[in-house]
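Let's take a walk through a protein model together. Have the sequence and the 3D view open as you read.

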Amino acid sequence: MNDCCNNKNGGNKGNENKLLPIKFICPVNQQQYIEVAKKTILQHIKAPWENKLDEQKYYFCDDPDCDVVYFGLNGSIINKSELRTVVGKKEKSDNELICYCFGVSKSLAKKNPQIKTYITQQTKEHNCSCDVKNPSGRCCLKDFPKMH
Ligand SMILES: [Zn+2]
């Protein structure tokens, strides 16, 4: 099991497809986003047995103003409505989850700063599962509201 928090280069773990980009442009908002594992998408997409993924790399768009959550190298897109998980960082409401491992919303994180300390500790001990539970496939700590 890899430490998701050390996954800074976008989780390009294998040595297959080295020539393909780790970042790619969302076909809707035209911003660059980082690669996400197919395994992660399968944890969040509705009826994955019907919504077959193609043999290609996929990327995660985190823009709250863009309906696309995942997009493929071939330009195919998977919208919010095709997921069974609400992607907190794509919602303007503070009540959706930002940490899927421990069930923390942005509003809860704002109310209780100790939660972030707790999660930081858990990630150090490799007790988190951001690589699959978080729709982005990445560590949630960067999604936490800044505390002053
Ligand atoms: Zn997008």
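The report below goes from the overall plan to the sheet, the cores and a few single residues.

## Getting oriented

This is a predicted model, in which local features need pLDDT of at least 70, side-chain atom pairs count only at pLDDT 80 or more, and totals for chains, interfaces and linings use all residues. Residues are numbered from 1 along each chain as its sequence is written. The term pLDDT stands for the predictor's confidence in each residue, from 0 to 100. Here the protein chain averages a pLDDT of 88, and 86% of the residues score at least 70. Residues 6-15 are a stretch to treat with care: pLDDT stays under 50 there.

The protein chain has four helices and seven strands. Both are DSSP runs numbered from the N terminus: helices are H or I with at least four residues, and strands are E with at least two. Along the sequence they follow the pattern β-β-α-β-β-β-β-β-α-α-α.

How many of the residues are buried? Of the 148 residues of the protein chain, 30% count as buried. A residue is buried if 20 or more other C-beta atoms lie within 10 Å of its own, exposed if 12 or fewer, and partly exposed in between, with C-beta atoms placed from the backbone.

Two residues are in contact if their C-beta atoms, placed from the backbone, lie within 7 Å. Among contacts with a separation of 6 or more, 51% join residues 24 or more positions apart.

Strands of a sheet pair through backbone hydrogen bonds, either parallel or antiparallel. In this model, five strands form an open sheet in the order 1-2-3-4-5, with antiparallel pairing. Strand 1 (23-25) and strand 5 are at the edges with a single partner strand each, so one side of each is left without a neighbour in the sheet. On average, neighbouring strands are turned by 40° against each other, direction ignored; the axes behind this angle are lines fitted to C-alpha atoms, for helices over the stretch in contact, and angles run from 0 to 180 degrees between N-to-C directions.

Two strands pair if DSSP finds at least two bridges between them.

| Strands | Sense | Bridges | Facing residues |
|---|---|---|---|
| Strand 1 and strand 2 | antiparallel | three bridges | F24 and Y33 |
| Strand 4 and strand 5 (77-79) | antiparallel | three bridges | F71 and I77 |

## Two nonpolar cores

In soluble globular proteins, nonpolar side chains tend to be buried together. A nonpolar core is a set of buried Ala, Val, Leu, Ile, Met, Phe, Trp, Tyr and Cys residues joined through C-beta atoms within 7 Å. The largest one has 18 residues, and those with the most contacts inside it include V36, Y59, F60 and F71. Strand 2 (32-36), strand 3 (58-60) and strand 4 (68-72) each give two or more residues to this core.

Which strand gives the most to this core? Strand 4 does, with four residues. Four of the five residues of strand 4 are buried, so this strand is largely enclosed by the rest of the structure. F60 is another one to look at: beyond four places in sequence, F60 is in contact with Y33, I34, V36, V69, Y70, S136 and G137. Apart from this core lies another, of eleven residues, among them I98, Y100, A109 and C130.

Most residues other than glycine have a negative phi, and most peptide bonds are trans. Q30, in the loop between strand 1 and strand 2, has a positive phi near 65°. Q30 is exposed, with 8 other C-beta atoms within 10 Å. A47, in the loop between helix 1 (38-42) and strand 3, has a positive phi near 35°. A47 also counts as exposed, with 8 C-beta neighbours inside 10 Å.

Finally, return to I77 in strand 5. Is I77 buried or partly exposed? With 17 C-beta neighbours inside 10 Å, I77 counts as partly exposed. Beyond four places in sequence, I77 is in contact with P27, V28, V68 and F71. The C-alpha atoms of I77 and C26 are separated by 8.6 Å, though the two are 51 residues apart along the chain.
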